[in-house]
Amino acid sequence: MEQELLQKYIAGEATEAEKQQVTGWLHADAQHMREYMALRKLYDISLWQETGQTARSTTKIEKSEEAGEQRNSIESVKPVRRLWIREVLKVAAIVAIVLTGTYFWNQNKQVRLPDALQTIHVPAGQRAELLLVDGTRVWLNAQTTFTFPAGFTSETRQVKLDGEGYFQVAKDATKPFIVETDKYNIRVLGTEFDVKSYSAEATFETSLLEGSVEVFSPVTGGSVILEPNTQVVLVDGELKKTAIGESDPFQWREGVISFWDESVKEMFEKLELYYGVKIKVSNTDILNNRFTGKFRTRDGIEHVLKVLQLNMKFVYTKDNESNVITIG
């Protein structure tokens, strides 16, 4: 089902024929209903947003001086601003600002929220931006689930992340901010950092841009302290601390997928995660080629494949029913 049609249906702008089409699609598969409910929830809890993306880009392919290595890059102009959330729903990258205090505004009416945990799930190919009640800003990447309270009333400000999130934590020395994942937890007072920990994957990364964070295991009690421009990565069951090579990976907040000297195999793994597709490769000769590049999320996975085709020989087919891309 096309995202644009679903978004028209949610916004109440679909025709009768389109409504019947969506209804039939919803009843055909339970997964369809889950996808719809994720979009519905984003729409219901979001009214205003300030950062839409209508960036233009130019594409160029660059040959590395090293034999056999290839590079590509996307240069984008700065995105412009928009207002209504339904405008954002028309593009692949969703940016939602959620007011998570006691009240939020919905259709010009003030509605009381229960003092309980709330959960938001970001569908494949989209992203979300939240403003928590303490002033902390959170960006959520595709296929991320984030659980947070309506208010921070305990001695800590604790949230739960399954996926990737970028945090700008409001300072409060009396209440540490704790991000819980299925692998490690991160404790901060006020700082800016990125966490990547999908429960369906073995990977775990925390990268610190400003301030100080402690990455710790709630089971063993072991911990690692990060300084600005350092990160920890889970390697063979242990946390390895290194310097951050470059900041482009964090541009996903702006709707940009970045690759930094990555193999095609690694690129395909990212594309599968961000777009919720399965990529089957029979032409394995291409997997070791390496690229550096940037792509707008809203341009879609097929745009990335077409750019790669400019410098590699392969063909692909896409089965929209099974959401499988076959590369040969």
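Which residue forms a salt bridge with Asp261?

The structure is a predicted model, in which local features need pLDDT of at least 70 and side-chain atom pairs count only at pLDDT 80 or more, while totals for chains, interfaces and linings use all residues. Residues are numbered from 1 along each chain as its sequence is written, and side-chain values use heavy atoms, with hydrogens and water left out.

To return to the question, the partner of Asp261 is Arg290, with the closest N and O atoms 3.3 Å apart. By salt bridge I mean a side-chain nitrogen of Lys or Arg within 4 Å of a carboxyl oxygen of Asp or Glu. This pair links distant parts of the chain: Asp261 lies in strand β18 (residues 256-263) and Arg290 in strand β20 (residues 290-296), 29 residues apart. Helices (H or I, at least four residues) and strands (E, at least two) are DSSP runs, numbered from the N terminus. Asp261 and Arg290 also belong to a network of salt bridges with Glu266.

How exposed are the two partners? Buried means under 20% relative accessible area, exposed over 50%, and partly exposed in between, with a 1.4 Å probe and protein chains only. Arg290, at 26%, is partly exposed, and Asp261, at 29%, is partly exposed as well.

The whole structure has 13 salt bridges. Among them is Asp299 with Arg296, whose closest N and O atoms are 2.7 Å apart. Here Arg296 is buried, at 12%, whereas Asp299 is partly exposed, at 26%.

I turn now to the nonpolar cores. Such a core is a set of buried Ala, Val, Leu, Ile, Met, Phe, Trp, Tyr and Cys residues joined through side-chain atoms within 4.5 Å. The largest has 28 residues, and Phe146, Val159, Phe167, Phe177, Ile186 and Phe193 have the most contacts inside it. Strand β9 (residues 157-168) gives the most to this core, with three residues. Contact means heavy atoms within 4.5 Å. Beyond its neighbours within four places in sequence, Phe177 is in contact with residues including Leu132, Phe152, Val159, Phe167 and Ile186. A second, separate core of 27 residues includes Ile257, Tyr274, Phe291 and Tyr316.

Finally, helix α6 (residues 301-309) has Ile301, Val304, Leu305, Val307 and Leu308 buried. These residues cover an arc of only 160 degrees around the axis, so they lie on the same side of α6. The arc is that of the directions from the helix axis to the C-beta atoms.
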